[in-house]
Amino acid sequence: MQIELNGEPRTLGEDRTLTDLVESLGLAGRRIAIEVNEEIVPRSQHAQTRLNAGDRVEIVHAIGGG
């Protein structure tokens, strides 16, 4: 299936969740925010949120400063 990830096309296998995507990108355990089709998805819902063909996903890394 084809999605758009941070403005770039990306091919994924079928029946993938946001957790699957995060793990495949090596971002598990990192401080990130995810938006699917312009709606923020809370971390507590990543495992239940299934991706669909054509979804627009934005992942933003939180960067601390001082």
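Me: What makes the largest nonpolar core a core, and which residues have the most contacts inside it?
Reply: A nonpolar core is a set of buried Ala, Val, Leu, Ile, Met, Phe, Trp, Tyr and Cys residues joined through side-chain atoms within 4.5 Å. The largest such set has 15 residues, and those with the most contacts inside it are Ile3, Leu21, Ile34, Val36, Leu51, Val57 and Ile59. Two or more residues each come from strand 1 (2-5), helix 1 (18-24), strand 3 (32-36) and strand 5; helices (H or I, at least four residues) and strands (E, at least two) are DSSP runs, numbered from the N terminus. The model is predicted: local features need pLDDT of at least 70, side-chain atom pairs count only at pLDDT 80 or more, and totals for chains, interfaces and linings use all residues. Residues are numbered from 1 along each chain as its sequence is written, and side-chain values use heavy atoms, with hydrogens and water left out.

Me: Which residues is leucine 51 in contact with, apart from its neighbours within four places in sequence?
Reply: Contact means heavy atoms within 4.5 Å. With those neighbours left aside, leucine 51 is in contact with Met1, Leu12, Arg16, Thr17, Leu18, Leu21, Val36 and Val57.

Me: Why is threonine 49 called buried?
Reply: Buried means under 20% relative accessible area, exposed over 50%, and partly exposed in between (1.4 Å probe, protein chains only). Threonine 49 has a relative accessible area of 18%, so this residue is buried. Threonine 49 is placed in the loop between strand 4 and strand 5, and its contacts beyond four places in sequence are Arg16, Thr17, Leu18 and Val41.

Me: Why does asparagine 52 count as partly exposed?
Reply: Its relative accessibility is 46%, so asparagine 52 counts as partly exposed. Asparagine 52 is found in the loop between strand 4 (39-41) and strand 5 (56-61). Not counting residues up to four places away in sequence, asparagine 52 touches Met1, Gln2 and Ile3.

Me: What makes aspartate 15 and arginine 50 a salt bridge?
Reply: A salt bridge is a side-chain nitrogen of Lys or Arg within 4 Å of a carboxyl oxygen of Asp or Glu. For aspartate 15 and arginine 50 the closest N and O atoms are 3.4 Å apart, and the pair forms a salt bridge. Aspartate 15 lies in the loop between strand 2 (8-11) and helix 1, and arginine 50 in the loop between strand 4 and strand 5, so the pair ties together parts that are 35 residues apart in sequence. Aspartate 15 counts as exposed because its relative accessibility is 53%, whereas arginine 50, with a relative accessible area of 45%, is partly exposed.

Me: How many salt bridges does the structure hold?
Reply: The structure holds 2 salt bridges. Arginine 56 forms one with glutamate 38, the closest N and O atoms being 3.3 Å apart. Arginine 56 is in strand 5 and glutamate 38 in the loop between strand 3 and strand 4, 18 residues apart. Glutamate 38 is exposed because its relative accessible area is 60%; arginine 56 has 38% and is therefore partly exposed.

Me: Why is one side of strand 2 and of strand 4 left without a neighbour in the sheet?
Reply: Two strands pair if DSSP finds at least two bridges between them. The 5 strands form an open sheet in the order 2-1-5-3-4, with mixed pairing. Strand 2 and strand 4 stand at the edges with a single partner strand each, so one side of each has no neighbour in the sheet.

Me: How do you know that strand 1 and strand 5 pair?
Reply: They are joined by 2 bridges and run parallel. In strand 5, arginine 56 is the bridge partner of glutamate 4.
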